[in-house]
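Student: I have the coordinates open. Can we go through the fold, the helix packing and the aromatic pairs?

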Amino acid sequence: MVTTRGKTLAAEARAAQGTREEDVNQGQKKTTGEKAHRANRSKNNNVPPLTPASSSGKGKEKRMSRQLSTRLGRGKLRDIMNLPIEIFAEICYYLDPLDLRHLALTNKRMWDVLMTKEAKHIWKKALSSVTDLPECPTDLNEPHSSRKSKRGAYRRVFQGCQSRGIQVDWFYRVRFCKGCFNVKMTSESGVGEASQSNRYRSWFPHLLEYLDGSQVLRSARIYGHSNGSRGKHFYIDEVNKVVETYKALVQGLDAEQRIEEYKKQLSDQGRYRASTGAAMLKWHRSEMYSRAEEVAARKQARFESVKAKLVEAGWDPIDFPGAECREFRELVYKEQQLTPKIWQNIEPKLVPLLQRNLDERLERERQNRRLKRGQAVLNLYHDTARDITALNYSSWALAWFIPDRSSINTLPKVQEMLEADTETITKDQWLEVENDVRTLVRRHWRIVLQKVLALIEPDTALPTTEEHIKTNEGEDDEKLVEDIQAMSGKLARVTAAFVCKSVSCNVIHWFPDVFIHASCKNPATDTSSLLRYCDPLDAERRQLVKRMVVDLGLGADDAKEADVIGRTNLICTRCDPNIANYSTFSQLANHYIQAQRWFFFVKQAKEIRSHPHTVIDDHDWLSNDAPLVREDDEAERASIELLQKTFRTQALTDPTCDVRGIGGEDLRINWLDREIRRCCRLCPQDLGPLPCSTSVMKIHIRAK
């Protein structure tokens with residue numbers, strides 16, 4: 001039978017080599033008392049006897065014996081200790097190192113049998129079954145080396161703490177948990193700080209090269225942040241041991257010789273540890289990478305098993321936390337196969353996680369439905385506002401002219417629709433509150449029109465605070481519609497235009513486009529702030545607009561913006577036909593305003609510099625009664641554009657293009673048409689024409 005005596009395993013090993021001894025079963029002899037005790041135990045549960053460790057009391061000894069016997073009696077392998085040693089050893093030959101170690105951990109008897117030097121041949125046989133496994137280092141025995149791999153070999157090194165650690169130092173053969181690793185391992189800088197605090201003498205830094213655990217990483221050609229001075233590669237206990245040994249050697253008579261021998265010993269030991277540690281580390285990594293797919297498949301299979309059980313229990317897969325949840329990952333994503341017992345243990349831990357995810361998902365869905373209802377209300381509100389204001393603007397631009405979103409959400413019926421837990425709000429539901437919303441929008445839109453009209457007609461009365469906060473009771477919708485139509489008609493006149501106050505702009509705009517322009521140029525939060533950046537047309541510019549309207553054959557006071565805003569075949573009659581551009585009404589009005597600004601600045605420059613030339617305002621619309629604008633049909637426009645194209649073609653062959661033009665200077669050469677571009681010296685900065693050919697510059701200068 002299997003015993004804990006070393007002779008039995010040693011004899012079996014000799015028998016395997018052809019040198020079986022006759023006394024192989026000598027270790028199986030027991031005393032009469034032991035045999036009687038075993039017979040008693042076998043009668044009860046057929047369990048081989050176990051000798052418990054010594055204790056302080058007989059009661060404790062009996063309890064331990066009873067517990068061990070009961071536990072072993074339940075197992076299917078309870079009679080394995082009664083097998084002959086040859087059969088037991090033969091069984092062990094077929095086990096891999098990890099299974100062999102698990103067998104040794106089943107009970108104390110197995111541990112005493114397998115975790116001894118006499119069982120060395122069994123471990124060597126098990127380790128030989130592992131592919132490409134490095135030879136066991138001399139400072140480790142086979143049972144220890146079998147603890148350093150997922151499959152058994154090199155799975156663990158000597159435990160540096162009581163817990164199952166994951167932080168390994170292959171140089172010192174120690175493994176720690178994360179907390180103990182930070183305490184018991186230190187970096188090169190940490191050793192240096194200890195040396196400066198007089199804990200170590202000045203001679204100690206010379207020994208650091210023999211104690212540096214990063215030699216393993218360098219030998220294995222693994223480089224990274226852990227190789228530097230911050231990496232913890234010095235085992236404090238080992239360092240202290242070396243220090244004490246060194247101190248003892250210094251005190252002797254032949255100290256120098258013994259110190260040199262000790263340094264050589266440390267050097268040889270360090271090189272051996274580095275080489276063997278690098279081999280173990282390389283093998284460990286290669287095994288880990290080779291088994292990556294297998295491990296992932298096992299984890300996925302366990303996850304699928306857990307998923308199937310959870311779905312069977314009524315849980316929705318969408319409520320599974322996923323691998324990003326540490327608690328769920330540690331319970332589900334494991335290599336170990338899911339068994340009924342494991343499921344019984346992890347199910348109570350999974351239920352709270354799933355319930356938490358379910359509650360969070362339901363809350364997110366409620367919030368999303370609330371947002372959808374709010375967005376539906378906003379879209380329907382904007383559609384209603386566009387119908388009232390006749391402004392086909394986007395939502396952000398429309399917000400300048402209508403009440404804000406919070407004003408609509410405060411309506412009782414709108415609040416009821418938002419609080420109802422429905423997917424969205426339909427148009428039929430919106431009809432219930434549309435009348436209240438229309439009244440609110442009309443009141444606000446009337447106030448906006450009154451403020452805008454007050455800039456053009458100062459006699460217009462602005463709304464008072466009482467009117468602004470007036471409730472819907474007693475508000476006549478017909479009166480609101482009449483007021484809005486009357487004010488919209490006044491603002492739709494072509495003379496009801498505005499000019500942007502921005503210095504770089506100074507362009508004419510009509511209502512309500514002037515608000516969009518002002519909001520892009522200046523920061524503003526409401527209608528009143530936008531009005532501060534816009535000015536109505538002064539008398540001169542109002543006269544310009546009226547003259548242009550008359551030239552188009554419309555009434556000066558009755559023309560609407562819609563009558564002129566869509567016309568695109570308008571051309572300036574004051575410009576040379578060879579360079580005049582077809583424009584819209586707004587662009588042509590801004591063209592005259594820019595020409596007036598040019599004349600004003602040139603006149604100021606003449607007074608300051610005593611310019612000898614006489615400057616003429618060729619676009620004067622106040623003292624010159626000549627027409628300002630002409631509208632051509634498509635045939636006339638085509639002939640003018642052909643004339644301008646011929647003029648540009650002739651300018652390319654003009655001999656004056658190769659010499660300095662009158663009043664101009666060379667700016668750059670256009671290599672595409674080999675034409676010299678000119679700029680005007682007479683014009684103020686930023687007000688002259690763009691660099692152009694000499695022929696065009698002649699027309700510009702002679703016109704001025």
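This is a predicted model: local features need pLDDT of at least 70, side-chain atom pairs count only at pLDDT 80 or more; totals for chains, interfaces and linings use all residues.

Student: How many helices and strands are in the chain?

Tutor: Both are DSSP runs, numbered from the N terminus: helices are H or I with at least four residues, strands are E with at least two. By that rule the chain has 30 helices and 15 strands.

Student: What share of the residues is buried?

Tutor: Buried means under 20% relative accessible area, exposed over 50%, and partly exposed in between (1.4 Å probe, protein chains only). The chain has 704 residues, and the buried share is 41%.

Student: Of the contacts with a separation of 6 or more, what share joins residues 24 or more positions apart?

Tutor: A contact means heavy atoms within 4.5 Å. For the contacts asked about, the share is 61%.

Student: Are helix 13 and helix 14 roughly parallel or roughly antiparallel?

Tutor: Axes are lines fitted to C-alpha atoms, for helices over the stretch in contact, and angles run from 0 to 180 degrees between N-to-C directions. Helix 13 (residues 236–250) and helix 14 (residues 255–290) pack at about 155°, with axes 9 Å apart. Angles under 35 degrees count as roughly parallel, over 145 as roughly antiparallel, 65 to 115 as roughly perpendicular and the rest as oblique. The two helices are therefore roughly antiparallel.

Student: How is helix 17 set against helix 21?

Tutor: Helix 17 (residues 340–389) and helix 21 (residues 427–456) pack at about 50°, with axes 9 Å apart. That angle makes helix 17 oblique to helix 21.

Student: Which residues meet there, and how do they divide?

Tutor: Among them, Leu380, Tyr381 and Ile388 come from helix 17, while Trp430, Val441 and Trp445 come from helix 21. The residues of this contact divide into nine nonpolar, two polar and five charged.

Student: Where does Leu127 sit, and how far is its C-alpha from that of Pro97?

Tutor: Leu127 is found in helix 7. It is buried, with a relative accessible area of 11%. Leu127 and Pro97 are 30 residues apart in sequence, yet their C-alpha atoms are separated by 6.1 Å.

Student: Are Phe171 and Tyr172 stacked or edge-to-face?

Tutor: Rings of Phe, Tyr and Trp (its six-membered ring) pair if their centres lie within 6.5 Å; planes under 30 degrees apart count as stacked, over 60 as edge-to-face and the rest as tilted. A search of the whole structure finds 14 aromatic pairs. For Phe171 and Tyr172 the centres are 5.0 Å apart and the planes at 85°, so the pair is edge-to-face.

Student: Which residues form one aromatic cluster?

Tutor: Phe171 and Tyr172 are both buried. They belong to one cluster, made up of Phe171, Tyr172, Phe176, Phe181 and Tyr235.

Student: What kind of pair do Phe303 and Tyr333 make?

Tutor: Phe303 lies in helix 15 and Tyr333 in the loop between helix 16 and helix 17, so the pair ties together parts 30 residues apart in sequence. Their ring centres are 5.2 Å apart and their planes at 10°, so the pair is stacked.

Student: Is Arg173 buried or exposed?

Tutor: Arg173 lies in the loop between strand 4 (167–169) and strand 5 (174–176). Its phi is positive, about 60°, although it is not a glycine. With a relative accessible area of 1%, Arg173 is buried.

Student: And is Ala390 buried or exposed?

Tutor: Ala390 sits in the loop between helix 17 and helix 18 (395–398). Ala390 has a positive phi of about 60° and is not a glycine. At 66% relative accessible area, Ala390 is exposed.

Student: Which residues does Asp319 contact, leaving aside neighbours within four places in sequence?

Tutor: Asp319 is in the loop between helix 15 (292–312) and helix 16 (326–332). Asp319 counts as buried at 2% relative accessibility. Its contacts are Leu354, Asn357, Leu358 and Arg361.

Notes
Residues are numbered from 1 along each chain as its sequence is written. Side-chain values use heavy atoms; hydrogens and water are left out. Ala, Val, Leu, Ile, Met, Phe, Trp, Tyr, Cys and Pro count as nonpolar, Asp, Glu, Lys and Arg as charged, and the others, Gly among them, as polar.
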